[in-house]
Amino acid sequence: MACCFTIPQSEVGITERCGAFSGELRPGFHLLNPCTTSLVGTVSLRVKELSVQIETKTKDNVFVHMGVIVQYKVKDSEIFQAFYALVDAQKQLMSYILNNVRGRIPNYEIDELFTAKDEIAAHVKNDLEMEFNQFGFSIIQTLITDIDPADTVKKAMNEINAARRMRDATKDRAEADRIQKVKAAEADSESKRLSGVGIAEQRKAVVTGLHDSIVTFSNAGDVSHQEVMQLLLMNQYFDTLKDMTAHSERSTMFVPHSPNAVENLSKQLHSCLQGTQGTKKIA
């Protein structure tokens, strides 16, 4: 009398005869003699996923909750080892994950942990492969999906980051203000330099004009140098009064004066010039 049954796709049946392993049954329809052979179980060839939540401590003594996912499958060529070597493959795989992750996380500080999670996952995958290859399992991928410190730690990290950004912003503002002041000083210096050049050119033109005027009047023959000087000083006097009235927004204080003051100034200048010429002759 035979017993008929089917093996689903992506699974392999394990049969025993009189308590000893007798063979593997591939997907499809099968007949067994129930008196001598029995189907003791099946092994799935699909990729399985094991999710583990781990609480551990970092190098700077911060406790974090980590989510680790391991994807694994049974090797098609090592079904016997996968079925008979381990009593509870998933439970034993979880123990290896816990031990491995808790042994690596204390090497990192909390800030480093977020950037090194891919590196840690790669190391965990390599270690699991070395341990479970002998049992007929292949580790497909290891992922660290979550790193969750305490709320107080997250708040402190945010405050540190905000303070650092404020410090950088303050430095940038100070540098911008320094550059602005330097540029303003350079512009003021250039403005004063150009203003000085303009004043010098203006004075040069005035002196040239006065010289030409003196030469012109002197060539007339009937005007003395003193009279020419008095005429020019009087002209400058009225030009000054005209300029002050043209800029009425300025505050100007007048002291007692009259055109005779110009004549007195002319006499004083003439005396100084005669004294200078006399000194040169004596020398």
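View 1. Two strands pair if DSSP finds at least two bridges between them. Strands (E, at least two residues) and helices (H or I, at least four) are DSSP runs, numbered from the N terminus. The model is predicted: local features need pLDDT of at least 70, side-chain atom pairs count only at pLDDT 80 or more, and totals for chains, interfaces and linings use all residues. Residues are numbered from 1 along each chain as its sequence is written, and side-chain values use heavy atoms, without hydrogens or water. The open sheet holds 3 strands in the order S3-S2-S5, paired antiparallel. Strands S3 (20-25) and S5 (37-44) are its edges, each pairing on one side only.

View 2. Strand S2 (residues 11-17) runs antiparallel to S5, joined by 7 bridges. Glycine 13 has threonine 42 in S5 as its bridge partner.

View 3. Rings of Phe, Tyr and Trp (its six-membered ring) pair if their centres lie within 6.5 Å; planes under 30 degrees apart count as stacked, over 60 as edge-to-face, the rest as tilted. This rule gives 8 aromatic pairs. Tyrosine 96 and phenylalanine 132 are edge-to-face, with centres 5.0 Å apart and planes at 75°. Tyrosine 96 lies in helix H2 (residues 89-104) and phenylalanine 132 in helix H4 (residues 117-132), so the pair ties together parts 36 residues apart in sequence.

**View 4. Around phenylalanine 132.** Phenylalanine 132 also pairs edge-to-face with phenylalanine 135: 5.9 Å centre to centre, 80° between the planes. Both phenylalanines are buried (under 20% relative accessible area; exposed is over 50%, partly exposed in between; 1.4 Å probe, protein chains only). Phenylalanine 132 has 2%. Tyrosine 96, at 33%, is partly exposed. One aromatic cluster unites Tyr72, Tyr96, Phe132, Phe135 and Phe137.
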